[in-house]
Amino acid sequence: MKRSPVSKLLLFGATGDLAQRMLLPSLYGLHADGLLPADLAIFGSARADHDDAHFRTFVGKALDEFLAADRKDKAQIASFLERLYFQPADLSDPASFKPLADKVGDISGGLAIYLSTAPSLFESAVEGLRSVELTGETVRIALEKPLGYDLASSREINDTVARAFPEERTFRIDHYLGKETVQNILALRFGNSFFEPVWNAQGIDNIQITVAETVGLEDRAGYYDGAGALRDMVANHILQLVALIAMEPPARYDMTDVRDEKAKVFRSLRLIAPECATRDTVIGQYNGGAVKGEIVKGYDEELGRDSNTETFVAVKAHVDNWRWQGVPFYLRTGKRMAVRRSEIAIQFKPVPHSMFSGRGGILQPNTLVIRLQPEEYIQMLVMAKEPGLDREGVRLREVPLNLSMDAEFAGTRRRIAYERLLLDLIEGDQTLFVRRDEVEAQWTWIDAIRAGWAANDMKPKHYASGTWGPAASIALTERDGVTWQDD
Ligand code: BG6
């Protein structure tokens, strides 16, 4: 598809939480930096009975609440609000679409549609858009997660969307791909020569990926209780991280080559057989406890009823290909954990022989830590000799070689992940969006895990809020002689 910026953006779900917290502040951020096409008009739509003026006031308030103080510029906010229009629509009502199309008007300059709504509305939305010809050549569509809850439902969604939008005009969002540090994995791996020769089963012992959150349900009971941690975080964000770590070097940094390589990784994930589910996966649910010094309720209490939904999951995964044979990928994510932290820890193999052992020196294998958030840094843990005369043996200590992205790029503003994705959508670059075959391979792997849980009638083990999850998750790695990189 020819890449060209669109002149109109239509945002469904424009009064929702994601729009207020992320999408509108991101669009404002791009506007304030002069990155949006000068003529870009933004149409909000939702069931709310706003008109343009109401919507502008509503967005003004959202920006006031969610923009960082140093980003608030009265004149810029005023000129941003002038780009905004609103048309109420009930996506389940076919009669909503004609007024919508009238409001949007001429789309020959290109239209990007962003569906930030429940997937149950995708079908009627796509049908409605088609009925009023808002699906033609000049129109591209972005889809927010969840894109289904298993392979079958995700295929249904994809089929529905594909009836009106070919793959090259469909932009599936995984906001982790918009994060600067996530993209930096590619720079680290493929912009430097010294990692790649050891980036394989010969050089690496194991890989750990942790996405720990301190938040709980956050008013999302309706969605979250039907999803759980595996579908909410592993099926998309964590698997994307696995792909970026495990993929072969793409020939070009473009939407075909990068996504081809990621898709190969997803297809190489070893399906976890039902008889391995209790050994290779752990599920948990938080009880009450204290997070960052604050007393918090347990999941069931927050929800108001008993539930078997997992708020924590740990999985021992394998990528069955030549490069990664025998290297476990330990993945875990949870809500109400001890700290908020997303991190990838790559543990290299120990040296083949230690010349220090006769002199009392103890070596640790090297670890590369990629901290994605809240801080952004890359740290290589290397062995060094402690200063001294070594009369009582050689003392060796693990010390960090630090690259702080925060400090190194201190003058550069860290953008919201959605700024990048919205700009790419507006300009038509799909590299950081998820292709259909990726999504379907991800679900194939996830469905096998869930089938294993069902076959074994696995229920989440409880863990206290403010901890690192159920004790069984420690056993998952310790059994292999590996310890989670917790601090
Ligand atoms: C979303 C999940 O996709 O990602 C949420 O639905 C989760 O449950 C969020 O809290 C985490 O995103 P981030 O950017 O805060 O790590």
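## About the model

This is a predicted model, in which local features need pLDDT of at least 70 and side-chain atom pairs count only at pLDDT 80 or more, while totals for chains, interfaces and linings use all residues. Residues are numbered from 1 along each chain as its sequence is written, and side-chain values use heavy atoms, with hydrogens and water left out.

## Around the ligand

Let us look at the shell itself.

Some polar contacts (pairs of N or O atoms within 3.5 Å) can be picked out. A side-chain N or O atom of K179 is 2.6 Å from an oxygen atom of the ligand. For K145, a polar side-chain atom lies 2.8 Å from a ligand oxygen, and for H237 the value is 2.6 Å. The protein buries 82% of the 400 Å² that the ligand exposes when taken alone; these areas come from the Shrake-Rupley method with a 1.4 Å probe.

## A mostly covered helix

Helix α14 (residues 417–427) has nine buried residues out of eleven, where buried means under 20% relative accessible area, exposed over 50% and partly exposed in between (1.4 Å probe, protein chains only). The buried ones are A417, Y418, E419, L421, L422, L423, D424, L425 and I426. Their cover includes the strands β1 (8–12), β4 (111–115), β5 (139–143) and β6 (170–172), along with helix α1 (17–32). Just after α14, G428 takes a positive phi of about 90°.

## D257 in helix α10

D257 sits in helix α10 (residues 255–268). It counts as buried because its relative accessibility is 14%. Apart from neighbours within four places in sequence, D257 is in contact (heavy atoms within 4.5 Å) with P250, A251 and R252.

## Two domains

The domain assignment, automatic or from a database, gives domain 1 (8–144) and domain 2 (177–478). Their C-alpha centres lie 33 Å apart. To the contact between them, domain 1 brings 20 residues and domain 2 brings eleven.

Methods: Polar contact = N/O pair within 3.5 Å; in protein donor to acceptor, adjacent residues only side chain to side chain. Helix = DSSP H or I, 4+ residues; strand = E, 2+ residues; numbered from the N terminus.
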